[in-house]
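Good morning. I'll take you through one structure today, moving from a sheet to the domains, then the chain contact and a few backbone details.

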Amino acid sequence: MTQNRPWIPYLLILPSVAFLALLFVVPLVQTIWLALSDNGAPSLANAERMVTDINFTRSVRNTFLLTIVVVPVQIAIALAMGTMVSKVGRGRETILWIWTIPLGISDLAAGLVWLSILQNTGYFNSLLFSLGVIGRQASWLSYQTPIALFIAIAVAEIWRGTAIVMVIIVAGLNQVPKEFKEAAEIFGAGPWTRFWRITLPLIRPALQSALILRTVLAFEVFAVVYALGGRNFPVLVGEAYNWQNQNQNYSVAAVYAVLIMIISLAATLIYLKALKVDPERLP
Amino acid sequence: MKRIVSLTILASTVLAFASPVLAQTVFVSTQLRPIEEATVVRQDLLKDAGKVDYVVEEPPQFAVRMEAEAQAGKHTVSLVGALHGELSPLADRGQLEPLDELAKKLAAGGMPQSVLDLGKLGKPTQQYIPWMQATYVMAAKKEALQYLPKGADINALTYDQLIEWGRNMQAATGQPQIGFPAGPKGLMARYFQGYFYPSFTGGVVRTFKNADAAAGWEKLKALWAYVTPNSTNYDFMQEPLASGEVMVAWDHVARLKNAISAAPDDYVVFPAPAGPKGRGYMPVLAGLAIPKGAPDTAGATKVIETLTTQKTQLLTASKVGFFPTLNVQLPPDLDKGVALLAGAVTKTQGSKDAVISLLPVGLGDKGGEFNKVYMDAFQRIVLQNEPVADVLVKQGATMAKLMTDTKAPCWAPDAKSDGACPVQ
């Protein structure tokens, strides 16, 4: 039927295209203009303002450091969890359900949960005190303990963000045909070899999606850091929020937004190139 | 049939959303936001003000909403209640209705002219009606008093005495016991503008980078050795005070109130310390204003009149801890915590060396960036230990640019200026 009326597919996708254009492209263009103009004329003054700000270098460094540490750990944990759960027969659904609980918790709530654990009067200090490790309240989240603060934020992020990676990887693992593994087993391949040579290459599309999703989200990390680190641990989105909300300078906030977008796009492109997926395996 | 049902649902939904807007005066406020305080406003303070829909909004969202309504030309808000500094950008853009009639009535009814004049925001007409006021004080647990240096009068502390007090407390307890609200939502910037700078330099903008300021920052670094490093996470000092994380704290009265009202016998409340140029302090003023194009000016006027009666003003003080703008005596049966706070406010205002620091006028929407100049200086000098002189030169240049951009003239305690306030 579509042969007679070739415009039908276009008509059908028109609403979604129009919707995206209206609610995504228009604000995007406005944001870029807001970032690159000053009093109605094109200008780099806002970008200069951003780069020379005291928190700019720190926020770039913190955001990248967090991404570099958090994403590989999450992928490794998710792979391990996915592989383990694939061996489980009964109760598999329950285990998956429990593992995905952090997915249902909002970022800020997750941050507050970890804050109640790690703050001075929190559960962690109570535990250490009852074990006799510390004699009085120790602070983990202050500007004087940057390493503890970084570890705390990384742990909270790993706790919160691993579930989504695991869901994607479990979906990928489900698609790996059993026959391949059985054949390899017959030819004497050990579990490690089977994992490296068969499973990993076959779940490459899932891995690619998971990496892109997680990395982009890691560059946009905000609420957990805001709850735990406040102004002690500036990150890019946090700075955009500060410029918009506290300093009421929408232009500098817009430059941050554009910068975050460029970084996310670049990361996505790198993954698409680096983890090339055979076009025939695309959905 | 199905169609009729869905039409009925649609119609009732529309009515449900439309009717309160039509029938009630919408009052948007950035003050008294916490649910307990908002309930007091709805149930007690606005009881005699007719049908009012009291809506609270965070300050940034408030600015966005007012701008959006002005741009769209579709007004739902009839009355706004906000801080002096939040109303100033609206007045700058000519979005507020002049309220001179009302101001005249209130002047006759006992509101001091000096307070009313602040509501003009430097313009010829009355932009807002002063609603309630507050300030910042220090609070300490009574058990901290034993460490107070010998001969020190808690109501006339100096910075040197505060430092010594902090040192004594740290020596005795093993932990820094002084706290400041330097967290992301704390009011630390006000400490610099209303307390630190006036006390050490006698100015706020003019004296930003002079030798007195440099000496003051050195003193603050000395004090900071006895300030808990968690201060950069604190937004409201009532929480660390109540949980026992700190013994001594500086903050806005409304942000200390919960801890002190809950256990008034455990605390002393006293003025902030004095520096070489006196005891700086900053009054906080919230005002009521009617936006241009408001759908219900008459209702809004009635609300303003209700909130500025003597009875409501006293009720406001005892229920939420903001003090009257009318010239009235606080009743003796006031909430004990509020009475303690009020006592400290009176002591601050009455102290011989008081240096009043007025609210900035003419910064428009640059108030946030003005705060950032002080907070950046604080972060670099105190937290990152950068050389004081370098930081002051760099931040001073940012300040000078901000002042030339906004053309804001100097305000007290700085000496008056022709044109933009200079950084000397």
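In what order do the 4 strands of the open sheet in chain B come? The order is S6-S7-S5-S8, and the pairing is mixed. Before going further, note that this is a predicted model.

At the edges of this sheet are strand S6, residues 178-179, and strand S8, residues 267-270, of chain B, and each of them pairs on one side only. If you want a place to look, find Ile178(B), which stands opposite Val248(B) in S7(B). There is also a helix to consider here: H14 of chain B, residues 336-350, lies across strand S5 (136-141) and S8. Its direction is at about 30° to S8(B).

Next, the domains. Where they meet, 11 residues of domain 1 of chain B are in contact with 13 residues of domain 2 of chain B. On the domain 1 side, helix H4 (84-92) and strand S10 (284-289) of chain B are the elements giving two or more residues. H4(B) has the largest share of that side, with 5 residues. By class, that side of domain 1 of chain B has 5 nonpolar, 5 polar and 1 charged residues.

Last, some backbone details. In chain A, Asn39(A) has a phi near 55°, positive although the residue is not glycine. Asn39(A) is in the loop between strand S1 (37-38) and strand S2 (41-42) of chain A. Gln248(A), also not a glycine, has a positive phi of about 55°, and its loop runs between helix H12 (236-246) and helix H13 (250-274) of chain A.

Is Gln248(A) buried or exposed? Gln248(A) counts as buried because it has 21 C-beta neighbours inside 10 Å. Asn39(A) has 7 such neighbours, so it counts as exposed.

In chain B, the peptide bond from Ala412(B) to Pro413(B) is cis, with omega near 5°. Pro413(B) is in the segment after helix H16 (388-406) of chain B.

Terms used
Residues numbered from 1 in each chain as written. Chains lettered and ligands numbered in written order. Predicted model: local features only at pLDDT ≥ 70, side-chain atom pairs only at ≥ 80, totals over all residues. Pairing = 2+ DSSP bridges. Contact = placed C-beta atoms within 7 Å. Axes fitted to C-alpha atoms, helices over the stretch in contact; angles between N-to-C directions. Nonpolar A, V, L, I, M, F, W, Y, C, P; charged D, E, K, R; others polar. Buried ≥ 20, exposed ≤ 12 C-beta atoms within 10 Å, placed from the backbone.
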